[in-house]
Amino acid sequence: NPCSWFSEIMYSNEQISLYNNVMKDVSTHNDIKFINIFDLLELSDLSDGLHPNKRGHQKIAETIAEFFKNEVLMVK
């Protein structure tokens with residue numbers, strides 16, 4: 001879908017997936033934890049088709065909190 005603020009710019013799930021995979025690869029290569037949220041959000045969780053709305057941010061926060069909760073339990 002075109003961006004609401006500039007209709008000549010478009011982001012596809014394919015482009016976002018490629019970018020997500022690059023971030024994952026860089027994280028793995030540098031031994032950095034990666035929290036994959038690519039498939040977490042639905043269109044209704046986005047304010048403009050790209051940026052999370054309140055519900056989208058809530059889902060992201062819960063996913064990150066769960067990740068850190070599990071990381072702390074694994075360290076002990």
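Predicted model: local features only at pLDDT ≥ 70, side-chain atom pairs only at ≥ 80, totals over all residues.
**Stop 1**

Start by colouring helix H1 (13-29) and helix H2 (54-75), and leave the loop between them in view. Side chains of opposite charge can pair when their charged atoms come close. In this model, the count comes to four salt bridges, and the tour visits several of them.

**Stop 2: Lys 33 and Glu 71**

Select Lys 33 and Glu 71 and show their side chains. They form a salt bridge, with 3.6 Å between the closest N and O atoms. Lys 33 sits in the loop between H1 and H2 while Glu 71 belongs to helix H2, so this pair ties together parts that are 38 residues apart in sequence. Glu 71, at 18% relative accessibility, counts as buried.

**Stop 3: Asp 45 and Arg 55**

Next, select Asp 45 and Arg 55. Their closest N and O atoms are 2.6 Å apart, and the two form a salt bridge. Asp 45 is in the loop between H1 and H2 and Arg 55 is in helix H2, so the pair links parts that are ten residues apart in sequence. Hide the surface again to look at Asp 45, which is buried with a relative accessible area of 0%.

**Stop 4: Lys 59 and Glu 42**

The side chains of Lys 59 and Glu 42 meet in a salt bridge of 4.0 Å, N to O. Here Lys 59 comes from helix H2 and Glu 42 from the loop between H1 and H2, so parts 17 residues apart in sequence are tied together. Lys 59 counts as partly exposed at 22% relative accessibility, and Glu 42 also counts as partly exposed, at 47%.

With all of these side chains shown, which residues join into one network? Glu 42, Asp 45, Arg 55 and Lys 59 do, through salt bridges that share partners.

**Stop 5: Phe 67 and Phe 68**

Finish with the rings. A pair of aromatic rings is described by the distance of the centres and the angle of the planes. The count for this model comes to one aromatic pair. Select Phe 67 and Phe 68 to find it: the ring centres are 5.4 Å apart and the planes stand at 80°. The arrangement is edge-to-face, because that angle is over 60 degrees.

Methods
Residues numbered from 1 in each chain as written. Heavy atoms only, no water. Phe/Tyr/Trp six-rings, centres within 6.5 Å; stacked < 30°, edge-to-face > 60°. Helix = DSSP H or I, 4+ residues; strand = E, 2+ residues; numbered from the N terminus. Buried < 20%, exposed > 50% of the residue type's maximum accessible area, 1.4 Å probe, protein only.
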